[in-house]
Amino acid sequence: MAKPAGAACNLHCSYCYYLEKAELYADDPQRLMSDELLERFTRQYLEAQTQPEVLFTWHGGEPLLRPLAFYQRALALQRQYGHGRQIDNCLQTNGTLLTDEWCRFFRDNHFLIGISIDGPEHLHDAYRTTRGGQPTFRQVMHGIELLERHGVEWNAMATVNRLNGDHPSAFYRFFRDIGCRYLQFTPVVERQGDRLADYAVTPEQWGDFACGVYDEWVRRDVGTVFVQLFDATLANWAGVTPCVCSLSTMCGHSLALEWNGDVYSCDHYVFPQHRLGNIQELPLTTLAYGEQQQAFRRMKTSHLPRQCRECRWFFACHGECPKNRFVTTADGEDSLNYLCQGYRRFFGHVASDMDFMLAEWQAGREAANIMTRNL
């Protein structure tokens with residue numbers, strides 16, 4: 001994912017793990033991707049692709065801090081170096097800077113827009129505020145209304161934190177009621193020094209939350225609302241690579257490109273020790289497939305405690321994200337995932353339904369038949 005404005009953002013969300021990354025470049029006043037670097041990245045990224053379909057992902061910080069002209073230039077470069085490939089773009093935004101002009105551009109160029117929103121107003125505004133501490137919910141909802149008005153495809157990307165983690169039903173119904181058809185929710189697991197942040201979701205909350213949302217979804221919305229966690233779980237049940245890296249057998253395919261060309265192993269590992277190099281010094285392919293990144297990928301499966309390796313649900317989570325593995329098992333082994341208890345609760349809760357949906361899919365029928373079964 002490319003970060004054309006680096007960690008810069010117009011908001012100051014309490015749990016944001018990326019705001020502090022601006023300190024990596026505190027001595028450089030610019031911190032914006034230049035046209036020269038944009039061209040270099042576009043060319044190298046397209047040259048690295050082995051498939052006819054290519055996806056560019058624009059991330060932040062807040063990528064809409066770059067002007068519309070930046071993305072018009074990006075599309076021109078994609079056409080120049082794409083050589084007839086099918087090229088798509090997705091952009092993750094907090095939604096507060098959206099305008100009619102932005103939305104017309106996204107519609108005309110078939111962008112997929114991810115909107116960061118954490119549920120109903122009182123839950124969203126608890127942590128997602130401006131730099132002055134003001135609420136942002138109504139601005140975000142206005143942005144969603146603009147996307148809808150202009151026919152822009154969008155999905156919701158929500159965090160699950162210590163507050164909204166207690167309200168799975170209200171959370172899910174909110175998204176369904178505003179017409180969201182694609183929903184991703186990610187547990188907030190952040191530490192401040194050696195202690196867990198006050199806003200981090202607990203393992204028990206995470207399990208109860210995932211089960212609560214699932215129970216709302218499976219009764220009436222299978223096949224019409226697509227929830228990333230449930231899709232990924234069914235994929236693992238079927239032995240198919242899921243759509244989210246945290247539940248995959250391997251990770252390390254989502255490198256982060258900072259505004260100055262620095263490449264890091266992962267968006268969650270933008271630390272000096274995980275800097276792979278700079279695309280102005282080494283080609284992107286060299287950085288992506290070099291030994292340092294290969295070692296990072298192996299981290300997904302290495303050093304797993306026996307409790308993980310022998311778990312009946314290991315096939316469904318593969319130890320989840322390495323960044324969350326900081327718990328010691330009862331046997332004294334390190335690297336147990338902090339969310340393990342919650343995931344085990346969730347997988348046990350949905351196992352029978354997953355078996356049924358998998359059997360329906362294998363028989364050439366619709367997984368949505370689960371809704372009839374559960375009447």
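I looked up Glu216 and found it buried, at 5% relative accessibility, where buried means under 20% relative accessible area, exposed means over 50% and partly exposed lies in between, with a 1.4 Å probe and protein chains only. I was working on a predicted model, in which local features need pLDDT of at least 70 and side-chain atom pairs count only at pLDDT 80 or more, while totals for chains, interfaces and linings use all residues. I kept in mind that residues are numbered from 1 along each chain as its sequence is written, and that side-chain values use heavy atoms, with hydrogens and water left out.

I then found Glu216 in a salt bridge with Arg219, with 3.5 Å between the closest N and O atoms; the term asks for a side-chain nitrogen of Lys or Arg within 4 Å of a carboxyl oxygen of Asp or Glu. Both residues belong to helix α7 (residues 203-220), where they are three residues apart and so separated by about one helical turn. I took helices (H or I, at least four residues) and strands (E, at least two) as DSSP runs, numbered from the N terminus.

**Other salt bridges.** How many salt bridges does the structure hold? I noted 18. One of them joins Glu360 and Arg365, whose closest N and O atoms are 3.0 Å apart; Glu360 is buried at 8% relative accessibility, whereas Arg365 is partly exposed at 46%. Through shared partners, salt bridges also join Arg173, Glu216 and Arg219 into one network. I also checked Asp198, which meets Arg195 in a salt bridge at 2.7 Å, N to O. Asp198 is exposed at 53% relative accessibility, and Arg195 is partly exposed at 43%.

I listed the buried residues of α6 as Pro168, Phe171, Tyr172, Phe174, Phe175 and Arg176. What covers them includes α5 (137-149), β4 (154-160), β5 (182-187), α7 and β8 (226-227), with contact taken as heavy atoms within 4.5 Å. After α6 comes Gly179, whose phi is positive, near 85 degrees.

For aromatic pairs I counted rings of Phe, Tyr and Trp (its six-membered ring) with centres within 6.5 Å, calling planes under 30 degrees apart stacked, over 60 edge-to-face and the rest tilted. By this rule the count is 41 aromatic pairs. An α-helix has 3.6 residues a turn, so residues three or four places apart point the same way. Phe171 is buried at 0% relative accessible area, and Phe175 is buried at 1%.

**Charges over rings.** I asked which charged residues lie over a ring, and found Lys3 over the face of Tyr18, at 3.9 Å from the ring centre; the rule requires NZ of Lys or CZ of Arg within 6 Å of the ring centre and within 35 degrees of the ring normal. The charged end of Arg191 sits over the ring of Phe326, 3.9 Å from its centre.

I found Leu37, Leu38, Phe41, Thr42, Gln44 and Leu46 buried in α1, and their cover includes β1 (53-58), α2 (68-82), β2 (86-93), β9 and α9 (284-289).

β1 pairs with β2 in the parallel sense over six bridges, where pairing needs at least two DSSP bridges between the strands. Trp58 stands opposite Leu91 in β2.

**The sheet β9-β10-β11.** I traced three strands forming an open, antiparallel sheet in the order β9-β10-β11. The edge strands, each pairing on one side only, are β9 (256-257) and β11 (275-278). β10 (residues 262-264) pairs with β11 over three bridges, and the bridge partner of Val263 in β11 is Gly277.
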